[in-house]
Amino acid sequence: MQKFNTILSKSNLIFMLLLIALSGCGANETKQSELKKENMSNNNHKVRNVPLSYENEGNTNNNSRLNATAHDYYESITTQSGKELKASLHEIIKKQNVLTYDDTRSALKEIDQDPNNPDNVLLFYKGGSMNKNSFCGNEPCWNREHVWAQSHFDDNRTIRTDLHNIRPEDKWVNARRGNLDFDWDDGHVNNPNASCKGTDLGTAQKAPDTCVDGDSWEPRDEIKGDIARTLFYMDVRYEGEGGPDLKLVNDVDTDNPNHGKLSTLLQWHQQDPVDDMERKRNKMVFEKFQHNRNPFIDHPEYVERIWD
């Protein structure tokens, strides 16, 4: 009888442990469900005027998303800073597959494809998208915008075809930007919510939230950091080996081989952090086309280690 009671007590203990384990699973499922609902509640956020899934829209400087290939790519970078870090990064990213100019057009159709409409490419300054087959031609049409303007470097094939610096853009908007430097509109220096003192291209229904004056171009907020990181890349990538030595300067109304305005770009880099669309584009350029990366997308912290 005593032996039977012992067995019964052990059975009751096992049964109680099972109940506790099952209740824990239920609580965990409830937490996961609540987390999912919380995430989905942010699903109305937009990036670059294109609705994206919650997983692809968060702005973050967290580098945990770097894959093993990207980590290996920067294995020689340790504690360098300033000119030493800039030189080390240059040695890494200068190893590049050089495209033809025709190649860049077909590449843009892939790396800047509208995630909501595979027939379209995303327009950089204007926002929205346009049919891939509407390459200029007759307007409305799109063409290739060089963020580091072409007149700010010599007619160098490697620079001219660098996909990290080229974006699809509406022909009219591209021509309106021309070779202007990037800076705050005069009306936004002290008050970012003020009206443009220059021309408001949103009012003209050409490029929402874009201001342009005689010596500078201020793009919409969603791409300010993208522009900054593009120009940081160009400054480090092109150091005068077989072409111009590109330099970011703290000025506007610049010319070849300089571009500005550095202090403004540093602000934009902080205010508009790296997002998943930038990461995806950087990865595609590396894996499918040029086989080099923009280090300031992979490691945003490198910016202040070079330009402190």
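Rings of Phe, Tyr and Trp (its six-membered ring) pair if their centres lie within 6.5 Å; planes under 30 degrees apart count as stacked, over 60 as edge-to-face and the rest as tilted. A search of the whole structure finds 10 such aromatic pairs. The model is predicted: local features need pLDDT of at least 70, side-chain atom pairs count only at pLDDT 80 or more, and totals for chains, interfaces and linings use all residues. Residues are numbered from 1 along each chain as its sequence is written, and side-chain values use heavy atoms, with hydrogens and water left out.

**View 1. Tyr73 and Phe286 form an edge-to-face pair.** The ring centres of Tyr73 and Phe286 are 5.4 Å apart, and the planes meet at 70°. Tyr73 is buried at 15% relative accessibility, and Phe286 is buried at 14%. Here buried means under 20% relative accessible area, exposed over 50%, and partly exposed in between (1.4 Å probe, protein chains only). Tyr73, Tyr74, Phe286 and Tyr302 form one aromatic cluster.

**View 2. Phe296 and Trp307 form a tilted pair.** Their ring centres are 5.8 Å apart, with the planes at 50°. Phe296 lies in helix α10 (residues 295–298), and Trp307 in the segment after α11 (302–306). The pair therefore ties together parts that are 11 residues apart in sequence. Both Phe296 and Trp307 are buried.

**View 3. The largest nonpolar core has 41 residues.** A nonpolar core is a set of buried Ala, Val, Leu, Ile, Met, Phe, Trp, Tyr and Cys residues joined through side-chain atoms within 4.5 Å. Leu89, Phe182, Ile227, Phe232, Leu265, Phe296 and Trp307 touch the most other members. Helices α3 (82–93), α7 (224–237), α8 (262–271) and α11 each supply at least two residues. The largest share, 7 residues, comes from α7. Another core, of 14 residues, lies apart from it; Met130, Leu163, Met284 and Phe289 are among them.

**View 4. Charged side chains lie over two aromatic rings.** Arg144 lies over the face of Tyr101, at 3.8 Å from the ring centre. Lys224 lies over the face of Trp268, at 5.4 Å from the ring centre. A charge sits over a ring if NZ of Lys or CZ of Arg is within 6 Å of the ring centre and within 35 degrees of the ring normal.

**View 5. Helix α9 is mostly covered.** Of its 14 residues, 10 are buried, including Met277, Arg281, Val285 and Phe289. From first C-alpha to last, α9 reaches 19 Å, close to the 20 Å expected at 1.5 Å a residue. The expected span is 1.5 Å times one less than the number of residues. At the start of α9, a side-chain oxygen of Asp275 reaches to within 3.0 Å of the backbone nitrogen of Met277. His291 follows α9 and has a positive phi, near 65°.

**View 6. Four strands form an open sheet.** The order is β8-β11-β10-β9, and the pairing is mixed. Two strands pair if DSSP finds at least two bridges between them. The edge strands, β8 (181–182) and β9 (199–200), each pair on one side only. Strands β8 and β11 (residues 216–218) run parallel and are joined by 2 bridges. Trp217 in β11 is the bridge partner of Phe182. Asp200 lies in β9 and is partly exposed, with a relative accessible area of 30%. Its side chain reaches the backbone nitrogen of Gly202 at 2.8 Å.

View 7. Most residues other than glycine have a negative phi, and most peptide bonds are trans. A cis bond joins Asn256 and Pro257, with omega about 5°. Another cis bond joins Gly260 and Lys261, with omega about 10°. Asp209 is not a glycine, yet its phi is positive, about 65°. Asp209 is exposed at 55% relative accessibility.

Methods: Polar contact = N/O pair within 3.5 Å; in protein donor to acceptor, adjacent residues only side chain to side chain.
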